[in-house]
Amino acid sequence: MCPTPFPDWIQNRLVRDRLFQQAYDRVPPERRAVLKTCIARLHALMGQENCAVRRESAVHSSGAISHVTRRPVAWSLLLLNEEAVSPVRVLAAALPPLLAGVEHVLVARMGKARGRAPWSDAVLTGLELAGIEMVADLSPRAASSLLLEMADSGSMGVVLCPDSMEGVSREAGLCLAESPNIRFWKPRPVTELAVFFPEDADDADWDCELIRWAHPDVPLLVWSRDADAVPEYCHPGAGVHSGSVAEFQSQEYDYVFMPGSGVDFSTSASLTLPPGFEGSWFWPGLRQDFFHTEALAWGVTSPWHEE
């Protein structure tokens, strides 16, 4: 096995191939197709970095020359908690470092040392389809040790934490905030999702069952000016919030499903998804540049500069 910047003891915490295979077999083909579409859309949004190093040079009118060198960080750690059951939200955090050219990507789930909940079949299947080879189970103590060791490793890396960090030691938490070797990312939490139905249901034929499969851990708030336009299966026992598009937007939800082109209305949402994207997800801010380091070098004169 190729050496990685992660400590050797991680190898003993990796999820076994047998569990990946069992999870894959339990996810229906139509749901695996949803995960593949999510992966394809992340590829389309981010592209894929095929260069280990990029260098841009510029000759300035003063005669000086500048060189900007960009390269991927050495490693990326996606730290999940035991309640991480949304396959699309996990995918949207796990895949960007790979697309950005990061060589060593680890997805680790932090949970109780004993009596730990099983992995979500859909989450494991999504990670396998995305080509994530290192997936581990860690106790809070082991997760804290990993963070401290990576901060002391001297190699530049990224820690992604879309979930609660409850259980991580105070020392490890301070490391994330203060280490010059670690770039830390934490998004707004997904505590609810909101979907708007227009009066003419044909304008937005939402697949609410798919939304609930992709996000089984958060409530779905259904809005419409005309409650009768919303199929019963979309709001089982929850009812429909009655209101106009303007009233819907005034709620300032962070993550919404909304018909239209995405530029036809104003919203404060961090992420707005249209019909057909019920099984996709994207984390604003996770683009290739986030996983790259940059170095700048100046030369006083340039042989190409003419007096």
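Reader: How are α2 and α3 set relative to each other, parallel or oblique?

Author: α2 and α3 are oblique to each other, because their axes cross at roughly 40°. Angles under 35 degrees count as roughly parallel, over 145 as roughly antiparallel, 65 to 115 as roughly perpendicular and the rest as oblique. Mind that this is a predicted model, where local features need pLDDT of at least 70, side-chain atom pairs count only at pLDDT 80 or more, and totals for chains, interfaces and linings use all residues. Residues are numbered from 1 along each chain as its sequence is written, and side-chain values use heavy atoms, with hydrogens and water left out.

Reader: OK, and where do those two helices sit, and within what distance do the axes come?

Author: Helix α2 covers residues 29-46 and helix α3 covers residues 87-99, and their axes come within 10 Å. The axes are lines fitted to C-alpha atoms, for helices over the stretch in contact, with angles running from 0 to 180 degrees between N-to-C directions. Helices (H or I, at least four residues) and strands (E, at least two) are DSSP runs, numbered from the N terminus.

Reader: Which residues make the contact?

Author: From α2 there are Leu 35, Cys 38, Ile 39, Leu 42, His 43 and Met 46, and from α3 Pro 87, Val 88, Leu 91, Ala 92, Leu 95, Pro 96 and Leu 99. Contact here means heavy atoms within 4.5 Å. They divide into twelve nonpolar, one polar and no charged. For those classes, Ala, Val, Leu, Ile, Met, Phe, Trp, Tyr, Cys and Pro count as nonpolar, Asp, Glu, Lys and Arg as charged, and the others, Gly among them, as polar.

Reader: What about α1 and α4, how do they cross?

Author: Helix α1 (residues 17-26) and helix α4 (residues 121-130) have axes that come within 8 Å and cross at roughly 110°. That makes α1 roughly perpendicular to α4. Leu 19, Phe 20, Ala 23, Tyr 24 and Arg 26 of α1 meet Asp 121, Leu 124, Thr 125, Glu 128 and Leu 129 of α4. This contact has six nonpolar, one polar and three charged residues.

Reader: Switching to charges: how many salt bridges are there?

Author: The count comes to six, taking a salt bridge as a side-chain nitrogen of Lys or Arg within 4 Å of a carboxyl oxygen of Asp or Glu. One pairs Asp 121 with Arg 26 at 2.8 Å, N to O. It links helix α4 to helix α1, with the partners 95 residues apart.

Reader: Is that pair buried or exposed?

Author: Asp 121 is partly exposed at 23% relative accessibility, while Arg 26 is exposed at 52%. Buried means under 20% relative accessible area, exposed over 50%, partly exposed in between (1.4 Å probe, protein chains only).

Reader: And which residue forms a salt bridge with Arg 109?

Author: Asp 137 does, with the closest N and O atoms 3.0 Å apart. Arg 109 is in strand β4 (residues 104-110) and Asp 137 in strand β5 (residues 134-138), 28 residues apart. Both Arg 109 and Asp 137 are buried.

Reader: Last one, where does Trp 206 lie?

Author: Trp 206 lies in the loop between β8 and α7 (208-214), and it counts as buried at 1% relative accessibility. Trp 206 and Pro 259 are 53 residues apart in sequence and 9.1 Å apart in space, C-alpha to C-alpha.
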